[in-house]
Number of protein chains: 2
Amino acid sequence: MSVSPALPRIDDEARAALFTDARTTYSFADTPVDDETLTGIWELARWAPTAANMQPLRVLYVRTPEGKERLLPHLDEGNRPKSASAPVVAVLAVDNRFHEHIPHILPIRAELKDHFDSEPAQREGITSFNGPLQAGYFILAVRAFGLAAGPMAGFDSAAIDKEFFSDSDWHSILVVNIGHPAGAAEFDRMPRLALEHVLGWA
Amino acid sequence: MSVSPALPRIDDEARAALFTDARTTYSFADTPVDDETLTGIWELARWAPTAANMQPLRVLYVRTPEGKERLLPHLDEGNRPKSASAPVVAVLAVDNRFHEHIPHILPIRAELKDHFDSEPAQREGITSFNGPLQAGYFILAVRAFGLAAGPMAGFDSAAIDKEFFSDSDWHSILVVNIGHPAGAAEFDRMPRLALEHVLGWA
């Protein structure tokens with residue numbers, strides 16, 4: 001048998017914080033969250049893997065009254081009170097010009113920058129998969145800091161892009177409310193699928 | 001200020017195991033990984049949130065010689081030795097008939113089952129976003145068990161679906177090698193983007 005360095009496991013408390021006890025939050029306390037913490041969330045999430053290290057996800061942190069005022073009208077009406085109560089709202093976006101960074105992030109294949117430049121459909125293949133993949137990492141990184149995440153898919157993506165990203169090629173894919181919960185979760189957790197509907201063995 | 005229950009944070013050791021020290025692995029030791037652990041990985045990953053609790057991700061764990069023999073020919077040639085060395089290869093898939101479960105997983109909107117049944121394009125919208133989102137949770141759940149993950153996008157998805165999923169509507173989206181690393185990582189970690197290219201503030 002080959003010699004294998006043992007990797008660390010995470011303990012039950014960390015599993016509970018990230019997975020088994022964590023709840024999506026819709027109503028937040030007015031406890032603030034500082035910018036250093038928000039930077040720290042990204043400094044964790046960025047290390048998890050993406051296809052060919054392309055890292056297409058971008059994050060706009062909206063946490064000023066002016067920023068909230070620009071954002072809220074573009075959320076579905078039922079979602080506005082949720083984001084209004086959150087001290088921070090992260091708009092997750094993908095950068096359709098992620099390939100500009102290839103000489104830095106994938107130096108062994110620097111020529112892919114020019115390749116992707118002429119292949120927008122291939123860029124879309126990268127962003128449509130790796131954007132949500134990194135959104136998954138991001139949500140768990142929020143929880144790693146003892147904060148609750150409230151991801152929401154109900155918003156006008158084109159309107160948000162026009163309001164915030166008109167000078168770039170960023171496109172919003174998910175809105176995530178971030179903060180401390182106002183109280184205990186308001187309803188029971190919805191069920192997860194039984195194992196036999198999810199797992200196959202070969 | 002409203003009263004906020006403090007949520008637990010995870011410590012530096014857990015952050016290192018999941019994010020900052022973890023490495024994608026291409027070469028595995030022959031130390032086995034038992035089925036109980038593989039079930040446990042899903043029992044963590046399943047709790048992280050999906051849009052309207054739809055949970056479209058499915059997992060086929062390939063860990064027998066017969067299963068490997070069926071899978072390997074459908075991987076890109078350069079990826080075959082990686083999966084051959086891994087004690088377990090997880091094929092992550094989305095179930096295009098996830099809506100069959102709506103009466104159980106979203107009982108307050110049970111009527112959505114019939115709605116989605118006649119709206120395949122809307123189903124595709126759910127699977128294309130939430131499949132990769134759950135893949136992100138899955139990769140971090142693998143690491144939570146002290147195992148290395150080696151996600152790979154290079155494979156013939158249609159051929160894998162035909163080989164393993166012909167009696168269902170599952171469609172493969174990612175292959176993840178799982179096991180203990182054979183040794184230290186073989187090359188330096190590739191750089192992550194500088195913060196100013198990723199974070200915006202409003």
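Two strands count as paired if DSSP finds at least two bridges between them, where strands (E, at least two residues) and helices (H or I, at least four) are DSSP runs numbered from the N terminus. This is a predicted model, where local features need pLDDT of at least 70, side-chain atom pairs count only at pLDDT 80 or more, and totals for chains, interfaces and linings use all residues. Residues are numbered from 1 along each chain as its sequence is written, chains are lettered from A and ligands numbered from 1 in written order, and side-chain values use heavy atoms, leaving out hydrogens and water.

**View 1. An open sheet of 5 strands, built from chains A and B.** Read across, the order is S3(A)-S4(A)-S2(A)-S1(A)-S5(B), and the pairing is mixed. At the edges sit S3 (148–152) of chain A and S5 (199–201) of chain B, each pairing on one side only.

**View 2. Strands S1 and S2 of chain A, side by side.** S1 (residues 57–62) and S2 (residues 88–95) run antiparallel, joined by 6 bridges. Look for A:Val62, whose bridge partner in S2(A) is A:Val89.

**View 3. Where helices H1 and H7 of chain A pack.** H1 (residues 12–20) meets H7(A) at about 130°, with axes 9 Å apart; axes are lines fitted to C-alpha atoms over the stretch in contact, and angles run from 0 to 180 degrees between N-to-C directions. That makes the pair oblique, the class left over once angles under 35 degrees (roughly parallel), over 145 (roughly antiparallel) and 65 to 115 (roughly perpendicular) are taken out. In contact (heavy atoms within 4.5 Å) are A:Ala17, A:Leu18 and A:Phe19 of H1(A) with A:Leu140, A:Arg143 and A:Ala144 of H7(A).
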